[in-house]
Amino acid sequence: MRRTTLAAVCLAAAAAVGLTACGTETGGSKKAEGKVTEKKEAGPFPGMSGPDIVDKAVKATTGATSLRVKGSVPDESGTVELDMAFDTKGQCAGTMGMGGEGSLDLITTARTVYMKYDEKFLRAQGKGEPAADTQAAVDMLADRWVKTSATGDDAKDLASFCDLDVLLADFKDVNSAARRGKTATVDGTPALTLTENDGTDRYTLYVAAEGKPYLLKVVNETAKSPETLTFGDYDKPVDVTRPTGDIMDIDKLAG
């Protein structure tokens with residue numbers, strides 16, 4: 001799941017970074033002394049090419065200490081729906097689901113992974129298993145927080161997924177041929193759109209036109225596997241407040 005999400009994010013970032021570019025037009029009239037004044041194009045990032053803006057956006061996005069990713073991306077077993085916040089301390093918090101088949105709440109700190117499954121998610125995961133086993137899992141786990149060590153074998157993949165440095169690793173050293181598009185807004189933030197193709201996939205990226213040129217949104221317009229991801233809450237603390245109450249310690253159960 002992490003690889004699929006990362007691939008979508010990286011392609012988006014590469015193109016979206018370039019989307020903040022606006023070309024310049026030269027022109028003007030000769031003055032008496034023979035000088036020609038250059039007329040700059042109005043809009044964000046005047047005079048910058050698409051690839052140059054991509055570089056600028058990649059630098060801004062990979063320099064963030066935290067961000068939130070929300071949307072849906074295709075996965076080998078379906079469509080992953082997520083609303084997750086990540087930081088460079090290896091912490092994350094949010095919700096993930098698979099093709100409308102329930103959801104998983106996840107909180108990961110440097111030491112502990114907390115998870116809470118709803119009944120629909122557990123029953124979907126139990127398809128093909130004996131009904132009694134699935135019901136036992138529902139009775140024990142549904143809507144109840146469980147925890148495990150972040151360094152344990154079963155939690156390493158989740159811990160890696162929650163590391164923003166890992167998530168953004170492939171953003172660097174990108175090569176983009178993005179074309180500038182129209183201006184737009186994403187959740188009230190002015191943005192510039194960029195378009196870029198990757199094989200049969202066509203991406204539209206949205207880059208912040210004010211402040212730091214962060215990636216704000218990416219849309220894969222491919223009919224076969226449409227996907228949309230939005231990015232926000234840059235450099236805001238991730239709420240990893242530990243759950244309280246009836247929490248099951250999986251590590252103790254395992255002995």
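This is a predicted model: local features need pLDDT of at least 70, side-chain atom pairs count only at pLDDT 80 or more; totals for chains, interfaces and linings use all residues.

Trainee: Which residue forms a salt bridge with Asp 246?

Mentor: Asp 246 sits in the loop between β11 (227-232) and β12 (248-249), and its partner sits in the loop between α4 (131-141) and β6 (145-149), so the pair ties together parts that are 102 residues apart in sequence. The closest N and O atoms are 3.2 Å apart.

Trainee: Which residues does the salt-bridge network join?

Mentor: Two of its members pair up at 2.6 Å between their closest N and O atoms: Arg 68 and Asp 83. That pair links strand β1 (residues 66-75) with strand β2 (residues 78-87), the two residues being 15 apart. Shared partners bring in others, and the network as a whole is Arg 68, Asp 83, Asp 233 and Lys 236.

Trainee: How many salt bridges are there by this rule?

Mentor: One of them is the Glu 119 to Arg 123 pair, at 2.9 Å from N to O. Those two both lie in helix α3 (residues 119-125), four residues apart, or about one turn of the helix. Glu 119 is partly exposed at 36%, and Arg 123 is partly exposed at 33%. By this rule, the count of salt bridges is seven.

Trainee: How far apart are the end C-alpha atoms of helix α2?

Mentor: Helix α2 covers residues 50-62, which is 13 residues. At 1.5 Å a residue they should span 18 Å, and the model agrees with that: the end C-alpha atoms are apart by 18 Å.

Trainee: Where do the buried residues of α2 fall around its axis?

Mentor: The buried residues of α2 are Gly 50, Ile 53, Val 54, Ala 57, Val 58, Ala 60 and Thr 61. Seen down the axis, they fall within an arc of 165°, so they line one face of the helix. In general, residues three or four places apart point the same way, because an α-helix has 3.6 residues a turn. So for the buried residues of α2, the place is one face of the helix.

Trainee: And what share of the chain's residues is buried?

Mentor: Buried means under 20% relative accessible area. The chain has 255 residues, and the buried share is 43%.

Technical notes: Residues are numbered from 1 along each chain as its sequence is written. Side-chain values use heavy atoms; hydrogens and water are left out. Buried means under 20% relative accessible area, exposed over 50%, partly exposed in between (1.4 Å probe, protein chains only). The expected span of a helix is 1.5 Å times one less than its number of residues. The arc is that of the directions from the helix axis to the C-beta atoms. A salt bridge is a side-chain nitrogen of Lys or Arg within 4 Å of a carboxyl oxygen of Asp or Glu.
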